[in-house]
Amino acid sequence: MPDERFLDDCIVHAAVVLADADTLIPDGALFLQNGLIEEVGLWRDIRRRHPKAADWSAGGQLISPGLVNIHTHLELGYLRGKIPDPAKFPDWVCRLFELAPPPEQLEHVVTESVSDGITGCLRYGVTAIGDITRHAAISRRAAADMPMGGISFGEITAMGRARGELTQRVRAAEVPGGHAAGMQIGLSPHAPYSVEGPALRQIVQHANAAHRPLAMHLAELPYEREFLRDFSGPLGRDWPLRKIIDVLDGEIPAFDGSPVAWGAHWGLLKSNQPVILAHVNHADDADIRLLAGHRQLSVAMCPRTRQYFGHHHIAEHPCLKMLQAGIRVCIATDSLASTPDLNLLAEAACARQDLPSLPWATLFQMVTQWPAAAMALNAGRLHPGLRADLAVFPVSSVPRSAESAIAELIASHPPAAAVVMGSQLVYGTLYC
Ligand SMILES: [Zn+2]
């Protein structure tokens with residue numbers, strides 16, 4: 001008996017197929033083969049060409065490309081709702097440390113957070129993620145048998161007296177996840193206040209040689225600049241966490257300039273691999289000029305996390321200027337420690353609320369095509385030759401245009417009814 005969840009050599013059809021941000025096909029269908037999309041078009045045409053193929057229906061719903069969330073930390077899922085009032089970011093990080101599980105519970109807590117996190121992604125139609133992990137071995141083991149694409153970025157800190165451990169930390173961040181792992185391995189130098197410049201340069205050189213994509217938190221906070229200048233400010237010497245993680249020494253090179261300029265100075269923009277910069281809340285025109293023109297580089301903007309930290313006016317994010325400069329800005333969730341769920345369409349709704357001039361089509365590209373390109377994935381649109389990663393969403397009626405379909409999807413940001421990854425039905429239901 002054939003596996004009913006395996007849809008290869010099958011047709012999948014629905015009232016409407018949203019193939020990309022500009023293409024809506026009423027009564028549309030896809031023909032899937034070898035885990036890829038072989039054909040996209042009108043159901044009656046595809047049916048005629050493949051009369052013997054099994055036909056799976058999503059009924060009166062909409063088939064969209066699987067969504068792509070390029071910045072999250074699944075392993076922090078256990079912190080959901082645990083820090084309701086974040087005060088300032090440095091205090092929030094101290095709370096994260098206080099709430100970290102004791103060593104004997106670490107494996108269990110991380111495993112559960114990652115597996116719940118993947119289920120939480122599928123629930124909202126997300127088929128690929130950029131996941132940052134400090135516990136790469138445990139996270140990757142937990143994800144190995146679960147359906148999720150994208151990149152698992154092993155997080156690295158390397159500063160001051162800890163610099164001698166860099167090689168060992170890079171090795172730990174690269175540990176493989178097991179035979180069934182759907183995610184590639186990447187590296188994440190954590191942030192300008194936890195990785196010193198020479199260590200960043202070494203990590204980038206290693207990533208180039210080993211073909212590892214990179215992700216880094218950069219220009220998230222206004223305090224990064226003062227830290228880089230003379231190790232002062234809320235992230236500096238007097239930060240309570242500095243006293244616990246006591247690594248600052250006299251050999252860390254200071255830098256008088258913006259975090260983006262610092263990253264450029266230490267080679268971050270010279271990577272020949274995909275580079276995802278998380279947040280970049282603080283970038284002036286000179287920074288935007290530095291970032292523009294690097295096609296391997298993308299920015300992950302996390303709208304509800306910005307709200308959570310009290311950046312109530314997301315319009316302050318320089319994303320409009322970045323988009324004008326041709327920088328690939330994507331929308332992401334960040335972790336459940338700072339956003340209520342992994343609903344990427346809800347993040348897009350939040351971005352639209354604060355930046356009403358962002359076109360619906362752009363918002364949709366920011367959660368599909370662009371984050372897929374950011375991670376060099378063969379996905380993000382429903383086009384022939386791309387991976388058969390599909391999400392099915394309910395719609396109230398058949399939309400008239402791609403724009404009205406996207407507007408409804410984002411405004412209502414419903415849970416997905418079904419998710420197909422590489423021809424496997426991995427979540428929800430379709431009807432034969
Ligand atoms: Zn993050």
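The legends below describe close-up views of a predicted model.

View 1. Domain 1 puts 27 residues into the contact, and domain 2 puts in 27 residues. On the side of domain 1 that touches domain 2, at least two residues each come from strand 5 (62-65), strand 14 (390-393), helix 16 (402-412), strand 15 (418-421) and strand 16 (424-428). Helix 16 gives the most to this side, with seven residues. Sorted by class, the residues on this side of domain 1 are 17 nonpolar, five polar and five charged.

**View 2. The largest nonpolar core.** This core has 134 residues. Those with the most contacts inside the core are Val-12, Val-17, Ala-300, Cys-330, Val-392 and Ala-418. Strand 1 (residues 10-20) supplies the largest share of the core, eight residues. Because domain 1 and domain 2 both give residues to this core, it lies between them. In soluble globular proteins, nonpolar side chains tend to be buried together.

**View 3. Val-17 and its contacts.** Val-17 is one of the residues with the most contacts inside the largest nonpolar core. When residues up to four places away in sequence are not counted, Val-17 touches Ile-25, Gly-28, Ala-29, Leu-30, Val-40, Ile-63 and Leu-382.

**View 4. Helix 13 packed against helix 16.** The axes of helix 13 (residues 344-354) and helix 16 are 7 Å apart, and the two helices pack at an angle of about 100°. An angle of 65 to 115 degrees counts as roughly perpendicular, so helix 13 and helix 16 are roughly perpendicular to each other. Helix 13 makes this contact through Leu-345, Ala-348, Ala-349 and Arg-352, and helix 16 through Leu-409, Ile-410 and Ala-411. By class, the contact has six nonpolar residues, no polar residues and one charged residue.

View 5. Eight of the 11 residues of helix 13 are buried, and the helix is mostly covered. The buried residues are Leu-344, Leu-345, Ala-346, Glu-347, Ala-348, Cys-350, Ala-351 and Arg-352. Among the elements that cover them are strand 6 (67-72), strand 7 (126-133), helix 11 (303-308), strand 13, helix 14 (360-365) and helix 16.

**View 6. Ile-327 in a loop.** Ile-327 sits in the loop between helix 12 (319-324) and strand 13 (328-331). Ile-327 counts as buried because it has 22 C-beta neighbours inside 10 Å, and the cut-off for buried is 20 or more. Apart from neighbours within four places in sequence, Ile-327 is in contact with Leu-291, Ala-292, Val-299 and Met-322. Ile-327 and Ile-288 are 39 residues apart in sequence, and their C-alpha atoms are 8.3 Å apart in space.

**View 7. Leu-74 in a loop.** Leu-74 is found in the loop between strand 6 and helix 2 (89-99). Since 26 other C-beta atoms lie within 10 Å, Leu-74 is buried. Setting aside neighbours within four places in sequence, Leu-74 is in contact with Ser-113, Val-114, Gly-117, Ile-118, Asp-131 and Ser-139. Leu-74 and Asn-343 are 269 residues apart in sequence and 13 Å apart in space, C-alpha to C-alpha.

Notes: Residues are numbered from 1 along each chain as its sequence is written. This is a predicted model: local features need pLDDT of at least 70, side-chain atom pairs count only at pLDDT 80 or more; totals for chains, interfaces and linings use all residues. A nonpolar core is a set of buried Ala, Val, Leu, Ile, Met, Phe, Trp, Tyr and Cys residues joined through C-beta atoms within 7 Å. A residue is buried if 20 or more other C-beta atoms lie within 10 Å of its own, exposed if 12 or fewer, and partly exposed in between; C-beta atoms are placed from the backbone. Helices (H or I, at least four residues) and strands (E, at least two) are DSSP runs, numbered from the N terminus. Domain bounds come from an automatic or database domain assignment. Two residues are in contact if their C-beta atoms, placed from the backbone, lie within 7 Å. Ala, Val, Leu, Ile, Met, Phe, Trp, Tyr, Cys and Pro count as nonpolar, Asp, Glu, Lys and Arg as charged, and the others, Gly among them, as polar. Axes are lines fitted to C-alpha atoms, for helices over the stretch in contact, and angles run from 0 to 180 degrees between N-to-C directions. Angles under 35 degrees count as roughly parallel, over 145 as roughly antiparallel, 65 to 115 as roughly perpendicular and the rest as oblique.
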